[in-house]
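Please load the model in a viewer and keep the selection panel at hand.

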Amino acid sequence: MRQNRSRPAIAGMLITIGIVYGDIGTSPLYVMQALLGDAGRLGQLTPTYIYGSISLIFWTLMLMTTIKYILIAMRADNHHEGGILALYALIRKRAKWALIPALIGGAALLADGTLTPAVTVTSAVEGLKGLRIGSWQFSDDQLIVLLAVTVILLLLFMSQRFGTALIGHAFGPLMLIWFSFIAITGLINLNGHWDLLRALSPTYAWQLLVSPTNKMGIFILGSIFLATTGAEALYSDMGHVGRINIYWTWPFIYLALMLNYLGQGAWLLTHYRNPAYQNATNLNPFFAMLPTAWQLPATILATIAAVIASQALITGSFTLVNEAIGLKVLPRLRINHPSRIKSQLYIPTVNWLLCAGTLAIVWLFQTSHHMEAAYGLAITLTMLMTTALLFEYIKWRANHWLALLVVVIFGSIEMVFLIASLTKFMHGGYFTVILTILILLLMLTWYWGNRYRERLSLGSEHLNLRDYRKQLMALSADETQPLTATNLVYITKVSPDYQVKRTILYSILDKRPKRAQVYWFISITETDEPDEASYTVDMMGTRNIVNVQLRLGFKQAQPISQYLRQIVTDLLAAKAINPQYPHYTKLKKRQVGDFKFVLTNQKATTLSLAPHVRWWQRGLIAGRIFLQRLTASQATWYGLEFSDVLEETVPLFLTPPTAPHLAQTALKHVAKPTE
């Protein structure tokens with residue numbers, strides 16, 4: 001839903017709380033725990049450390065989430081859609097260089113999609129360890145936690161194929177309960193320690209950074225950054241809920257988060273000198289500050305919030321991959337729509353890869369404390385790339401100096417955060433880096449492999465479709481040739497000057513003449529407007545050659561058979577094509593005959609005959625064609641699973657770019673030609 005009114009409805013705000021804030025809303029489960037781990041043990045804390053930590057969290061949320069994302073980035077919307085790929089689509093015609101930061105940021109965001117479910121769910125379930133209810137006590141065995149987390153995550157990923165329409169309505173009320181709970185528990189612990197509100201002054205943040213009690217120095221920011229990891233997801237989800245709903249709900253979320261952090265800080269101030277806690281190293285202040293009777297309900301509520309946060313990241317990953325496919329930076333994958341809601345997607349390949357990655361993290365790192373080392377690095381990289389793209393957007397919409405100011409301020413902050421997060425590289429950050437690099441290599445291979453393939457296929461590999469109109473019209477009327485189909489459809493790019501790949505005309509005229517009453521050439525152009533769906537038709541002065549130009553937004557699916565059904569109906573109504581009355585049909589007054597779709601698949605066999613192509617270009621082209629075989633077929637991608645489809649294999653070059661020259665050495669025993 002999108003709200004355009006100046007004052008949003010309560011329902012819209014409730015949905016926003018359920019969809020947008022899951023990631024950032026579960027950060028109190030592990031941020032203070034990570035800071036306690038940086039200090040070593042509870043007995044080594046000092047008031048300076050506690051005040052400074054609260055101050056750093058407050059100003060990180062203020063600068064990164066409130067100012068950068070809510071006040072600046074959300075103004076850079078692409079027809080109400082947000083996120084790094086939507087931002088790239090908005091500026092890509094103005095800045096070709098923006099592709100690289102967009103790909104890096106997108107890859108890092110997908111890597112983060114495997115980390116968030118692992119960290120949040122494990123942190124929540126760990127709240128049960130050692131918990132006593134009456135005479136019964138939960139086990140301290142981490143293996144039990146890992147098994148419980150595995151079951152929860154498996155159920156979560158298995159449920160994706162059914163969609164979130166049913167449980168989605170419950171997200172808002174449940175997250176409202178969660179934020180109210182963390183605000184109230186924080187306020188209860190803050191009572192009697194109101195002097196801790198002084199920590200909202202930035203001077204305490206600076207004092208901690210330079211204090212000798214802070215053994216981590218500036219690298220403590222690696223843990224502080226965990227408080228704002230959901231900011232990028234907030235920007236990406238803008239299209240689902242509308243900017244105005246985020247504006248109205250963020251103050252409540254910010255207040256709830258800070259009250260909880262202040263409450264945890266107050267509990268630490270009270271207990272850091274307590275002999276019973278002096279040597280505590282793996283203590284989570286979020287659960288420790290709660291009364292014993294509250295801990296079981298809190299753990300259940302935290303687990304629900306963690307699942308909701310994970311769900312938001314999973315569905316966000318589906319949306320991101322769909323956008324990347326539309327922008328041609330990821331291979332085609334089978335996309336399902338579990339409900340009639342357009343924006344609700346399910347991509348099986350992505351779902352199970354995320355599941356495998358998330359479970360690998362859970363069992364590799366074992367505890368949430370160890371997972372935190374891997375967490376944050378990927379999202380820091382995404383934020384830095386978003387800042388780079390914002391520079392181009394602000395320069396375009398405002399002026400160069402304002403853009404420079406924004407990139408210097410936020411770029412500098414994010415570089416410090418990135419450096420601080422890199423210190424955890426050997427403790428788990430390496431996993432994030434490896435995962436990001438693998439996704440990035442996949443994107444680069446797919447995108448640049450296609451670009452080089454298109455460049456090498458220019459020139460002689462294209463012909464002018466207009467030059468072959470008479471042949472196509474004659475073939476259509478030639479009854480000595482068997483009828484291949486009433487309507488023969490090729491999904492191929494036809495340029496404004498009617499250039500089409502030589503392989504298409506080779507398929508119709510040379511390979512084996514394919515006679516049809518109507519020849520359809522459908523071009524698909526992905527546009528920068530996310531939800532655009534329009535078409536134009538050029539009959540090329542005939543009644544049996546149809547050049548269709550489909551314009552689809554980068555978030556649109558491409559069910560060609562459905563679109564074609566509408567186009568045929570429109571052309572018949574406009575009397576642009578002749579009715580096709582089938583001889584045999586169960587439908588009265590049917591005016592449309594059968595359709596056959598011809599899809600061509602390229603092979604890279606002729607690459608070895610192209611010495612002018614560099615080795616790395618050959619590798620990219622071959623890699624792209626290899627990926628194309630592994631991923632969804634053209635028939636699946638275009639929604640033609642139940643249509644009549646003919647798949648033809650053609651070489652990458654119809655004629656080799658350079659053919660070897662053979663020297664004739666002899667010609668013997670030639671018979672005389674017959675008269």
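Predicted model: local features only at pLDDT ≥ 70, side-chain atom pairs only at ≥ 80, totals over all residues.

Residues are numbered from 1 along each chain as its sequence is written, and side-chain values use heavy atoms, with hydrogens and water left out.

**The whole chain**

Of the 675 residues, 55% are buried. Switch to a surface: the accessible area comes to about 30,100 Å², and 62% of that belongs to carbon and sulfur atoms. These areas come from the Shrake-Rupley method with a 1.4 Å probe; for residues, only the protein chains shown count as cover. Contact means heavy atoms within 4.5 Å. Among contacts between residues at least 6 apart in sequence, 83% join residues at least 24 apart.

**The nonpolar cores**

Next, select Ile57, Trp178 and Phe179, the residues with the most contacts inside the largest nonpolar core, which has 153 residues. Such a core is a set of buried Ala, Val, Leu, Ile, Met, Phe, Trp, Tyr and Cys residues joined through side-chain atoms within 4.5 Å. Around Ile57, leaving aside residues up to four places away in sequence, the residues touched are Val31, Met32, Leu35, Ile224, Ala227, Met258 and Tyr261. Another core, of 24 residues, lies apart from this one and includes Met539, Leu564, Phe597 and Leu599.

**The salt bridges**

How many salt bridges does the structure hold? There are 4, counting a side-chain nitrogen of Lys or Arg within 4 Å of a carboxyl oxygen of Asp or Glu.

- Select Lys68 and Glu414, whose side chains meet at 2.5 Å, N to O. Lys68 belongs to helix 4 (residues 47-72) and Glu414 to helix 19 (residues 400-422), so that distant parts of the chain, 346 residues apart, are linked. Lys68 is buried at 1% relative accessible area, and Glu414 is buried at 0%.
- Move to Arg243 and Asp77, which meet at 2.6 Å, N to O. Because Arg243 lies in helix 13 (residues 243-271) and Asp77 in the loop between helix 4 and helix 5 (84-91), the pair ties together parts 166 residues apart in sequence. Arg243 is partly exposed at 21%, whereas Asp77 is buried at 18%.
- Finish with Arg198 and Asp195, whose closest N and O atoms are 3.9 Å apart. Arg198 is partly exposed at 45%, and Asp195 is partly exposed at 37%.

**Helix 16**

Select residues 348-365. Gln366 follows the helix with a positive phi near 70°.

Lastly, select strand 7 (residues 533-538) and strand 8 (residues 545-553), which run antiparallel and are joined by 6 bridges; strands pair if DSSP finds at least two bridges between them. Asp538 has Asn547 of strand 8 as its bridge partner. Between the strands lie 6 residues, and Met540 of this hairpin takes a positive phi near 55°.

Note on methods: Helix = DSSP H or I, 4+ residues; strand = E, 2+ residues; numbered from the N terminus. Buried < 20%, exposed > 50% of the residue type's maximum accessible area, 1.4 Å probe, protein only.
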